[in-house]
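Q: I'm new to reading protein models. Could you walk me through a few features, one by one?
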Amino acid sequence: MCKFIIRTGKHHQFFFDLKAETGDVILSSEAFHTKAACNTGIEALKAVASDDNKFERMKSADDHFYFVIKAANGKAIAKSVLFANPADRNAAIKSIETEAHDAVTVEQ
């Protein structure tokens, strides 16, 4: 089962990562100014995670594949890590669609 990890970055901003059961980071959030806003971002991701239309599938300039997940308002919530091929990217999206709504949140 995947889980959300809240972490504090430079300048006291908050971020979250979504980690797979293996411990690998699947995606990382945008910066939030407060922990409460970070938690709201996690809830926003959970709310749209089962909607495939909220995942924007992209390809980097160096031929890697990734996705951005967007909130109901169209703003980016988080960006995935880079994947070597579209099949791996799509498998990560599927795992988020099926597991994110039940994922626990922990602080690092």
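Q: Let's start with strands. Which residue stands opposite Ala76 in β6?
A: Lys70 does. Before we go on, this is a predicted model, where local features need pLDDT of at least 70, side-chain atom pairs count only at pLDDT 80 or more, and totals for chains, interfaces and linings use all residues. Residues are numbered from 1 along each chain as its sequence is written, and side-chain values use heavy atoms, leaving out hydrogens and water.

Q: How many bridges do β5 and β6 pair over?
A: Strands here are DSSP runs of E with at least two residues, helices are runs of H or I with at least four, and both are numbered from the N terminus. Two strands pair if DSSP finds at least two bridges between them. β5 and β6 pair over three bridges, in the antiparallel sense. Their hairpin has five residues between the strands, and Gly74 takes a positive phi near 90° there. β6 (residues 76-80) also runs antiparallel to β3, again with three bridges, and Ser29 stands opposite Ala78 in β6.

Q: Which residues of α2 are buried?
A: Buried means under 20% relative accessible area, exposed means over 50%, and partly exposed is in between (1.4 Å probe, protein chains only). In α2, the buried ones are Arg89, Ala92, Ile93, Ile96 and Glu97. Looking down the axis of α2, they fall within an arc of 140°, taken from the directions from the helix axis to the C-beta atoms, so they line one face of the helix. The face turned away from that side carries exposed Ala87, Lys94 and Thr98. Among the elements covering the buried residues are β2 (14-19), β3 (25-29) and α1 (35-48); contact here means heavy atoms within 4.5 Å.

Q: What span should the 14 residues of helix α2 have?
A: The rule is 1.5 Å times one less than the number of residues. For α2 (residues 86-99) that should be 20 Å, and its end C-alpha atoms are 20 Å apart, which agrees.

Q: How many disulfides does the structure hold?
A: A disulfide is a covalent bond between the sulfur atoms of two cysteines. The cut-off used is a pair of cysteine sulfur atoms within 2.5 Å. This structure holds zero: for Cys2, the nearest cysteine sulfur is that of Cys38, 15 Å away. Cys2 is buried at 4% relative accessibility, and Cys38 is buried at 0%.

Q: Is Ala61 buried or exposed?
A: Ala61 is exposed, with a relative accessible area of 87%. You'll find Ala61 in the loop between β4 (55-59) and β5 (65-70).
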